[in-house]
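Reader: I've got this one open on my screen. Can you walk me through a few spots in it?

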Amino acid sequence: MANQVEPKLIEPLFLALQKERFVTIATVDHENGGPIVSAISWVFAPDEQRIYFAVDNRSRMLENMSQNSLVVMNVIANESTYAITGHASVKENKIEGIPLKLARVEIQISEVRDVMFYGSKIIKEPKYEKTYDEKAAAKLDKQVMDALKK
């Protein structure tokens with residue numbers, strides 16, 4: 001049975017991307033042309049056609065995307081795993097009001113594919129915790145997520 005393919009975020013994915021969460025992003029490495037995967041958590045979908053994320057503005061991902069804008073974001077939600085393909089572009093090199101030098105990146109979605117293997121479902125989504133000062137982490141997370149929502 002073929003996996004479902006959509007041209008935009010389905011409602012459960014859109015809702016899942018309204019808050020910080022663990023996702024991975026695959027880009028094409030600008031030096032060797034191979035795939036490279038990065039994990040991030042500051043992610044937000046303003047609508048069903050776009051996803052914003054924040055990343056350190058010195059991240060290798062930014063150079064990779066400047067050479068080849070095609071990316072795949074992997075999201076575990078809705079009891080499944082999704083590959084969200086699109087073209088990424090930097091919208092801000094330094095997000096204002098954030099103490100870190102973070103870039104805001106936008107993905108224009110071209111395809112959303114359910115890539116979970118047949119006959120299975122995710123029974124527990126990945127969880128993570130910040131390993132530095134809890135209060136500082138919570139404050140920074142709020143600042144970044146608020147900025148992505150603007």
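Reader: Which residues are exposed on the other side of helix 2?

Author: First, a caveat: this is a predicted model, where local features need pLDDT of at least 70, side-chain atom pairs count only at pLDDT 80 or more, and totals for chains, interfaces and linings use all residues. Residues are numbered from 1 along each chain as its sequence is written, and side-chain values use heavy atoms, with hydrogens and water left out. Helices (H or I, at least four residues) and strands (E, at least two) are DSSP runs numbered from the N terminus, while buried means under 20% relative accessible area, exposed over 50%, and partly exposed in between (1.4 Å probe, protein chains only). On that side of helix 2, the exposed residues are Ser66 and Gln67.

Reader: And what arc do the buried residues of helix 2 cover?

Author: Helix 2 spans residues 60-67, and its buried residues are Met61, Leu62, Asn64 and Met65. They sit on the same side of helix 2, because the arc around the axis (taken from the directions from the axis to the C-beta atoms) is only 160°.

Reader: Is Tyr52 buried or exposed?

Author: Tyr52 belongs to strand 5. Beyond its neighbours within four places in sequence, Tyr52 is in contact (heavy atoms within 4.5 Å) with residues including Trp42, Phe44 and Leu148. Its relative accessibility is 9%, so Tyr52 counts as buried.

Reader: How many residues apart in sequence are the parts that Glu20 and Lys130 tie together?

Author: The side chains of Glu20 and Lys130 form a salt bridge (a side-chain nitrogen of Lys or Arg within 4 Å of a carboxyl oxygen of Asp or Glu), at 2.9 Å from N to O. Glu20 is in the loop between helix 1 and strand 2, and Lys130 is in the loop between strand 8 and helix 3, so the parts they tie together are apart in sequence by 110 residues.

Reader: What about Lys142 and Asp146: how far apart are they in helix 3, in helical turns?

Author: Their side chains meet in a salt bridge, 2.7 Å from N to O. Lys142 is exposed at 54% relative accessible area, whereas Asp146 is partly exposed at 34%. The two are four residues apart in helix 3, so their separation is about one helical turn.

Reader: Last one: how many salt bridges are found in the whole structure?

Author: Some of them join up: Asp47, Arg50, Lys91 and Glu106 are linked in a network of salt bridges. Another pairs Arg113 with Glu111, with the closest N and O atoms 3.2 Å apart. For the whole structure, the search gives 13.
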